[in-house]
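Please read them with the structure open.

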Amino acid sequence: MTRPRAAAAPLAARLRARGAHVIFAPLIRTVPPRSWRQLDAALRRIEDFDAVVFTSGNAVAFFFARMKKTLKKRTTAPRIVAAVGAATAKAVAAHGWRCSIVPEDSRAAGLARVLRLPRGARVLLPRAERGLDVLPDGLRASGAHVTLAAAYRTVADVAGRKTLRRALRLGADAVCFASGSAASALGTLGLRSAVAVAIGPTTAAALRARGIVPAAIAKKPDPEAFAQAVERALRRPR
């Protein structure tokens with residue numbers, strides 16, 4: 001598992017139920033952005049936005065933590081709050097906001113398709129420092145005014161990389177990738193005889209960019225579909 005233990009726990013539970021031995025080797029970790037300037041400025045005028053869009057649980061956690069510190073008061077949610085998937089929407093709800101838009105296709109592209117905002121809508125998108133542009137580009141193309149605000153960044157997890165190297169040396173059969181950032185953090189580390197399994201097409205593309213062809217891609221970005229993809233990958237002749 002190349003994502004942090006807490007985030008990987010649901011998938012780990014499903015794999016263990018199938019008889020797998022799970023090793024946590026997170027390749028990335030999330031830390032505050034190098035500057036809070038963008039997010040602080042957006043938070044101070046949060047009432048000006050028609051919508052806030054969350055594309056990950058990390059964005060939710062850092063957004064609300066920073067809101068509490070910056071504003072020091074409970075803030076009413078904008079008219080539209082959207083989340084990329086059910087897990088992200090649940091994280092938002094834990095902070096007292098309710099998501100009115102949650103796509104079945106839990107990817108940025110899926111969210112872009114279902115976000116039907118009026119032209120001129122002002123949208124706040126808290127995200128990673130180096131986030132993908134699929135969603136903001138799609139929103140701008142529909143006439144929305146999008147404000148991007150860095151809420152966190154990902155950095156390499158040196159200890160996790162050492163754990164993965166050791167696991168591969170001892171004969172790990174499969175490595176699960178849940179983000180393009182984790183794939184990029186591999187660097188020159190090869191997978192030996194282990195197969196790679198990707199949570200979705202964006203992560204799969206990041207793996208291919210590293211010269212690694214995924215043995216399977218989850219049909220949906222949720223723990224059960226991901227576990228099924230691992231099963232398919234391990235059943236294939238190697």
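1. Lys220 is partly exposed, at 47% relative accessibility. The terms used here are buried for under 20% relative accessible area, exposed for over 50% and partly exposed in between (1.4 Å probe, protein chains only). Lys220 pairs with Asp222 in a salt bridge, with 3.7 Å between the closest N and O atoms. Asp222 is also partly exposed, its relative accessible area being 24%. A salt bridge here is a side-chain nitrogen of Lys or Arg within 4 Å of a carboxyl oxygen of Asp or Glu.

2. On the source: this is a predicted model, in which local features need pLDDT of at least 70 and side-chain atom pairs count only at pLDDT 80 or more, while totals for chains, interfaces and linings use all residues. Residues are numbered from 1 along each chain as its sequence is written, and side-chain values use heavy atoms, with hydrogens and water left out.

3. The whole structure holds nine salt bridges. One of them joins Glu129 to Arg34, with the closest N and O atoms 2.6 Å apart. Glu129 sits in the loop between strand 4 (122-128) and helix 6 (134-141), and Arg34 in the loop between strand 1 (28-31) and helix 2 (37-44), so the bridge ties together parts 95 residues apart in sequence. Helices (H or I, at least four residues) and strands (E, at least two) are DSSP runs, numbered from the N terminus. Glu129 is partly exposed at 23% relative accessibility, whereas Arg34 is exposed at 59%.

4. Arg127 and Asp133 also form a salt bridge, at 3.6 Å from N to O. Arg127 is buried, with a relative accessible area of 10%; Asp133, at 42%, is partly exposed.

5. Which residues are linked in a network of salt bridges? They are Arg14, Arg18, Glu224, Glu231 and Arg235.

6. A surface patch of positive charge gathers Lys162, Arg165, Arg166, Arg169 and Arg192. Patches are made of residues with over 30% relative accessible area and no salt bridge, like charges being joined within 9 Å and nonpolar side chains (Val, Leu, Ile, Met, Phe, Trp, Tyr) within 5 Å. Arg166 belongs to helix 7 (residues 158-169) and is partly exposed, with a relative accessible area of 40%.

7. Thr75 is in the loop between helix 3 (57-71) and strand 3 (80-83). Its relative accessibility is 13%, so Thr75 counts as buried. Leaving aside residues up to four places away in sequence, Thr75 is in contact (heavy atoms within 4.5 Å) with Ile46, Met67 and Trp97.

Methods: Accessible areas come from the Shrake-Rupley method with a 1.4 Å probe; for residues, only the protein chains shown count as cover. Lys and Arg count as positive and Asp and Glu as negative; His and the chain ends are not counted. The place of a charge is taken as NZ of Lys, CZ of Arg, CG of Asp or CD of Glu.
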